[in-house]
Amino acid sequence: MRIAMVSEHASPLAALGGADAGGQNVHVAALAAALVRRGHEVTVYTRRDGRLPCRVGTPDGYEVVHVPAGPATRLPKDDLLPHMTEFARFLRQDWSPDVVHSHFWMSGLASVLATRGTRVPVVHTYHALGTVKRRHQGAGDTSPPERIAVERLVGREVTAVAATCDDEVHELTGMGLWRSKITVVPCGVDTQAFATTGPVAERTAARRIVSVGRLVPRKGFDDLIAALPYVPGTELVIAGGSRDLTSDPEAQRLLACAKTRGVADRVRLTGQVDRADMPALLRSADVVACVPWYEPFGIVPLEAMSCGVPVVASAVGGLKDTVVHGVTGVLTPPRDPRALGRALRKVLADRSRAMAYGIAGRDRVEARYTWDEVATRTELVYQRASATDGLAVAR
């Protein structure tokens, strides 16, 4: 099968942890590689944001095409909507896929435009929804005002939707999408890289909490810092952001928060961590904390579970699917530092329970969340979409 993946802002070649680079990049890269292993031909289309070759082959066997759409410079993803018509025009001229898999709402728009009048099926993964973002961020939501309307349009026009969790299914049906169009296909984890054995990052404190993600307020790092006074004798390592955090306003805000809380000596911000070094960092933790205000899926808890490390997570979004409360870790209410502190202290105080969480987490990942398993489930969605008579896309 010739598969065209469209990921307008999240290149599978991008360095993680910076602005607009995170879980979607991992998802696209790993899913493309897994589909190649299953014998498919995969091309990933992403926007050209610098002086890059038009086509780049990867060691995993898929090709990345840098699409000329807008200026060849890095732009915030919220500024890309005006360039999606140009993106779609390039796609229509360049490709002849058997199926299109679009990632994120603007990629969905470009894919719908590019396949208009054809019988090429489009499968869409939202990764995040504007309705959820607006609900939680309010005036702080920087998405274009057209986002929610376009997301509904994409949902109506595509052949199938691959939702990443049950919470997203509920949200999509509330937006008016047909439930019969939606299949849950979660994100995955590289269980060979994120293994229970391997190098472990150095540490000096007796106990360590690790949290990973882009340095944006919704990730809840300030809640972790506020919870730290309830967890004495423990260091908190926050990995993410740019290489140089001195000019990062969110990093400086978090450091100021730590100082105000009297825990500055126990909080360390590492900045961007190379992907190859992430398993060692996670294995160095006694517990990995993932406590966002909301989270469409959340790959970091899966990676921690794959390393055999217990997880404390907010009971939001996809985290409610992946982290089984009392089995692989603990779920806590979002934005509640006191409850978070109690949960962390409880896990850290009971080594036997923490070990049991870690073992159960690894077992759960191997059963449900390997990329080969995710690719198999995605392939089934492609096959069902291809068997559709094409009315959903040939309007």
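Val288 sits in strand β12, which covers residues 287-290. The model described here is predicted. A search of the whole structure finds 22 salt bridges, and zero disulfides.

**Val288 and its surroundings**

- Val288 is buried, at a relative accessible area of 0%.
- Beyond its neighbours within four places in sequence, Val288 is in contact with Val210, Leu282, Val300, Ala304, Val309, Pro310, Val311 and Val312.
- Val120 is 168 residues away from Val288 along the chain, and their C-alpha atoms are separated by 42 Å.

**Domains and their interface**

- A UniProt record, an unreviewed entry, places the feature "domain: Glycosyl transferase family" at residues 206-363.
- That span, residues 206-363, is 41% helix and 18% strand. Its end C-alpha atoms lie 27 Å apart.
- Contacts between the two domains involve 22 residues of domain 1 and 16 residues of domain 2.
- About 1600 Å² is buried between domain 1 and domain 2. Carbon and sulfur atoms give 60% of that area.
- How many salt bridges are counted between domain 1 and domain 2? The count is one.
- Lys320 and Asp167 form a salt bridge, with their closest N and O atoms 3.5 Å apart.

**Salt bridges between separate elements**

- Asp94 and Arg55 meet through their side chains in a salt bridge, at 2.5 Å from N to O. Asp94 lies in helix α2 (residues 84-94) and Arg55 in strand β3 (residues 55-57), so the pair ties together parts 39 residues apart in sequence.
- Asp94 is partly exposed at 27% relative accessibility. Arg55 is also partly exposed, at 37%.
- Arg55, Glu63 and Asp94 are linked in a network of salt bridges.
- Glu171 forms a salt bridge with Arg135, and the closest N and O atoms are 2.5 Å apart. Helix α6 (residues 166-174) holds Glu171 and helix α4 holds Arg135, so this pair ties together parts 36 residues apart in sequence.
- Are the two partners buried or exposed? Glu171 counts as buried, at 14% relative accessibility. Arg135 is exposed, with a relative accessible area of 52%.
- Arg203 pairs with Asp286 in a salt bridge, where the closest N and O atoms are 2.9 Å apart. The pair links distant parts of the chain, 83 residues apart. Arg203 is in the loop between β8 (182-184) and β9 (207-212). Asp286 is in the loop between α9 (278-283) and β12.
- Arg203 is partly exposed, with a relative accessible area of 29%. Asp286 is partly exposed too, at 24% relative accessibility.

- Helix α5 covers residues 147-157. Its buried residues are Arg147, Ile148, Val150, Glu151, Val154, Gly155 and Glu157.
- An α-helix has 3.6 residues a turn, so residues three or four places apart point the same way.
- Against which elements do the buried residues of α5 pack? They pack against α3 (105-115), β6 (122-125) and α4 (130-137).

**Loop residues with positive phi**

- Most residues other than glycine have a negative phi.
- Phe104 has a positive phi, near 85 degrees. Phe104 is placed in the loop between β5 (99-103) and α3. At 4% relative accessibility, Phe104 counts as buried.
- His127 has a positive phi as well, near 70 degrees. The loop between β6 and α4 holds His127. His127 is buried, with a relative accessible area of 12%.

**Cysteines**

- The structure holds zero disulfides. Cys187 is in none, and the nearest cysteine sulfur, that of Cys165, is 8.9 Å away. A disulfide needs two cysteine sulfur atoms within 2.5 Å.
- Cys187 counts as buried, at 4% relative accessibility.
- Cys257 is likewise in no disulfide. The nearest cysteine sulfur to that of Cys257 belongs to Cys290, 18 Å away.
- Cys257 is buried, with a relative accessible area of 17%.

Technical notes
Residues are numbered from 1 along each chain as its sequence is written. This is a predicted model: local features need pLDDT of at least 70, side-chain atom pairs count only at pLDDT 80 or more; totals for chains, interfaces and linings use all residues. Side-chain values use heavy atoms; hydrogens and water are left out. Buried means under 20% relative accessible area, exposed over 50%, partly exposed in between (1.4 Å probe, protein chains only). UniProt positions are given in the numbering used here, feature names are shortened, and annotations may be inferred rather than shown by experiment. Helices (H or I, at least four residues) and strands (E, at least two) are DSSP runs, numbered from the N terminus. Contact means heavy atoms within 4.5 Å. Buried area is the accessible area (1.4 Å probe) that two parts lose on being put together, summed over both. A salt bridge is a side-chain nitrogen of Lys or Arg within 4 Å of a carboxyl oxygen of Asp or Glu.
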